[in-house]
Amino acid sequence: MPVSLGTRVSAWVRRRHIRTVAVLGPPAVGKTTLLRYWSTRRVGSAAYSPTGAPQPLPHVAMTSGGRRVLMPGLTDVSGSKYSWSGWQEVAQDTRVVVYLVNAEHLVEYELSDRETAAWERIGDDAGIIGPLVDAGVVDRCVIAVTHRDRDDRYAELGVHYQAHVEEQLDGVIIKLGGSEKVHVVTGSLADAAGAAELTDAILGWLR
Ligand SMILES: Nc1nc2c(ncn2[C@@H]2O[C@H](COP(=O)(O)OP(=O)(O)OP(=O)(O)O)[C@@H](O)[C@H]2O)c(=O)[nH]1
Ligand SMILES: [Mg+2]
């Protein structure tokens, strides 16, 4: 039986570890910082400047676990909820969503006796991304928790921090497609070493 062009292309894609990825999340979670690190290996020290219109990025190539991972077609999008339609457009072409959460928002919610705006926003975002996973457009979602350097629970909980954050995000994980499709990593983008470590953790789920 002749092998279709689609089959041959996807086999080639698998061999080269090409991953189409969308980096999404609310404002000031670190989307631009992470994408800048991927493009330049620097996190930059400039003050926060919110992303406006979608910014297409040059082709990114990285090595993880001895393998070359190519990420074409990355776009830096705004975290404003008015950009949700832009998120959906970006995610239409991707297999993996990297959804960023600011650990400070998780602390704030844990200390609060009611839903915080940031926590509500995470749930709303999951309501936008989850259906894309259900529809099979996106087949994996990595929740990358940033700003761990600002989360005292990391020093307090040590090796139990990961499980604690996962438990806190339980409902979000379910909304995004369940634990088979959704993986949580944590780290910091405060400096290049932190960004390298968090990038490695993310790429570990893209292989
Ligand atoms: N301490 C610390 N600062 C971080 C971390 N990640 C990002 N930042 C800082 O947080 C601010 C916001 O980061 P951005 O990358 O611009 O956030 P964004 O998600 O692109 O925000 P929008 O474009 O508004 O959607 C910047 O000042 C970053 O330097 C982190 O893990 N730790
Ligand atoms: Mg940005």
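Strand 6 and strand 7 run parallel and are joined by seven bridges. Strands, like helices, are DSSP runs numbered from the N terminus, a helix being H or I with at least four residues and a strand E with at least two. Two strands count as paired if DSSP finds at least two bridges between them. The model is predicted, so local features need pLDDT of at least 70 and side-chain atom pairs count only at pLDDT 80 or more, while totals for chains, interfaces and linings use all residues. Residues are numbered from 1 along each chain as its sequence is written, and chains are lettered from A and ligands numbered from 1 in the order in which they are written.

| Strands | Sense | Bridges |
|---|---|---|
| strand 1 and strand 6 (residues 96-102) | parallel | four |
| strand 6 and strand 7 | parallel | seven |
| strand 7 and strand 8 | parallel | five |
| strand 3 (residues 60-64) and strand 4 (residues 67-71) | antiparallel | five |

Leu24 has Tyr99 in strand 6 as its bridge partner. Val142 of strand 7 stands opposite Val98, and Val142 also stands opposite His183 in strand 8.

Seven of the seven residues of strand 7 are buried, that is, 20 or more other C-beta atoms, placed from the backbone, lie within 10 Å of their own. Arg140, Val142, Ala144 and Thr146 point one way from this strand, and Cys141, Ile143 and Val145 point the other way.

**The hairpin**

Strand 3 and strand 4 form a hairpin with two residues between them, and Gly65 in the turn has a positive phi of about 55°.

**The ligand**

Around ligand 1 there are 20 residues, of which Gly30, Thr32, Pro50, Thr51 and Gly79 come nearest; a residue is near if its C-beta atom, placed from the backbone, lies within 6 Å. Helix 2 (residues 31-40) gives the largest share of this shell, three residues.

How values were computed
A residue is buried if 20 or more other C-beta atoms lie within 10 Å of its own, exposed if 12 or fewer, and partly exposed in between; C-beta atoms are placed from the backbone.
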